[in-house]
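Subject: Structure handover

Hello,

Here is the structure for your files, with notes on what turned up in it. Please read the notes beside the coordinates.

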Amino acid sequence: MEIDVTAELFERRDDEPEIVPGKKISARVAGLFTAANNDFVTAATQTLELDFAGIANDFHTGLTRRSGGREPWYPRGTEIRNERQLTIVAADELADVARKMDLTEVMPEWIGANLVLEGIARLSMLPAGTILFFKNGVTLKVDGQNIPCRLAGRSIARHAGMADVDAGSLLFPKVARRQRGLVAWVEKPGTISAGEEVSVRLPDQWIYR
């Protein structure tokens, strides 16, 4: 009797996670920013020079960083790998956050963004492991979503002229969850330029239960 090996190989068990195949999408660099001073607030620039530590002379530059509130499993200040070398946001998500905060706008600089990408629907939902291939040669790897915090909320409130800065600092983490963008690290260094094309490669995705 002939055995259908192909059917056995691809038969899915009931307890097996469904796998969504990876894919490629295209994007474009709509804005570049760097924090050259001793502050996470950034300023616009035309290019970003990257090495394996991140953006040259940026506030978040480093092969390692000190742990904080995002890593409660370590004593605060523990030296760990820096997977937060760059912050990536989308203009449409920032506009939605501004609407929820009853503001005219939320500027990328106010929350320490380094890159604004356009052409990606729901940018903040790109999965960890997504790779960004920039036309001029840079490669960035997405570590995951950037969790909104009170520090960024306070910066927004201050720059937007909100009457109650403390209230603004509390509101931002509530309304910006899953819309605050991504954090990424440099896999292949080089120079990113404004207007540059980006090929975005999403990995296979599944839910492990």
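Overall

This is a predicted model. The protein has 209 residues, and 42% of them count as buried. Its secondary structure comes to four helices and 13 strands. The C-alpha trace spans about 80 × 35 × 35 Å along its principal axes. Among contacts with a separation of 6 or more, 70% are between residues 24 or more positions apart.

Helices H2, H3 and H4

H2 covers residues 91-100. Its buried residues are Glu93, Leu94, Val97 and Ala98. These four cover an arc of only 145° around the axis, which puts them on the same side of H2. An α-helix has 3.6 residues a turn, so residues three or four places apart point the same way. The buried residues of H2 pack against H4 and against strand E7, residues 86-89. Just after H2, Asp102 takes a positive phi of about 60°.

H4 runs over residues 165-175, and Gly168, Ser169, Phe172 and Val175 are buried in it. Seen down the axis of H4, these buried residues fall within an arc of 145°, so they line one face of the helix. They pack against H2 and H3.

In H3, which spans residues 150-160, the buried residues are Ala152, Gly153, Ser155, Ile156 and Ala157. H4 is included in what covers them. Just after H3, Gly161 has a positive phi of about 75°.

The largest pocket

The largest pocket holds about 520 Å³ of space. Its lining is made up of 24 residues, and His60, Arg70, Arg84, Cys149 and Leu151 lie nearest the pocket centre. Two elements give two or more residues to this lining: strand E5, residues 64-66, and helix H3. E5 gives the most, with three residues. By class, the lining of the largest pocket has seven nonpolar, 10 polar and seven charged residues.

Aromatic pair

How many aromatic pairs does a search of the whole structure find? The search finds one. It is formed by Trp73 and Tyr74, whose ring centres are 6.4 Å apart and whose planes are at 65°, so the pair is edge-to-face. The cut-off for that class is over 60 degrees. Trp73 is exposed, at a relative accessible area of 61%, and Tyr74 is partly exposed, at 38%.

Positive phi in loops

Most residues other than glycine have a negative phi. Asn57 has a phi near 65°, a positive value in a residue other than glycine. Asn57 sits in the loop between strand E4, residues 54-55, and E5. With 67% relative accessibility, Asn57 counts as exposed. Arg122 is not a glycine either, and its phi is positive at about 55°. The loop that holds Arg122 lies between strand E8, residues 115-118, and strand E9, residues 131-134. At 56% relative accessibility, Arg122 counts as exposed.

Asp143

Leaving aside neighbours within four places in sequence, Asp143 is in contact with Glu83, Ala128, Val183, Ala184 and Trp185. From Asp143 to Pro72 the separation is 71 residues in sequence and 18 Å in space, C-alpha to C-alpha.

That is the list as it stands.

Regards

Conventions
Residues numbered from 1 in each chain as written. Predicted model: local features only at pLDDT ≥ 70, side-chain atom pairs only at ≥ 80, totals over all residues. Heavy atoms only, no water. 1 Å grid on protein atoms, 1.4 Å probe; cavity = no way out; pocket = protein on both sides within 12 Å on 5 of 7 lines; lining within 4 Å. Points joined across faces, edges and corners; volume = space filled by probe spheres on them. Nonpolar A, V, L, I, M, F, W, Y, C, P; charged D, E, K, R; others polar. Phe/Tyr/Trp six-rings, centres within 6.5 Å; stacked < 30°, edge-to-face > 60°. Buried < 20%, exposed > 50% of the residue type's maximum accessible area, 1.4 Å probe, protein only. Arc of directions from axis to C-beta. Contact = heavy atoms within 4.5 Å.
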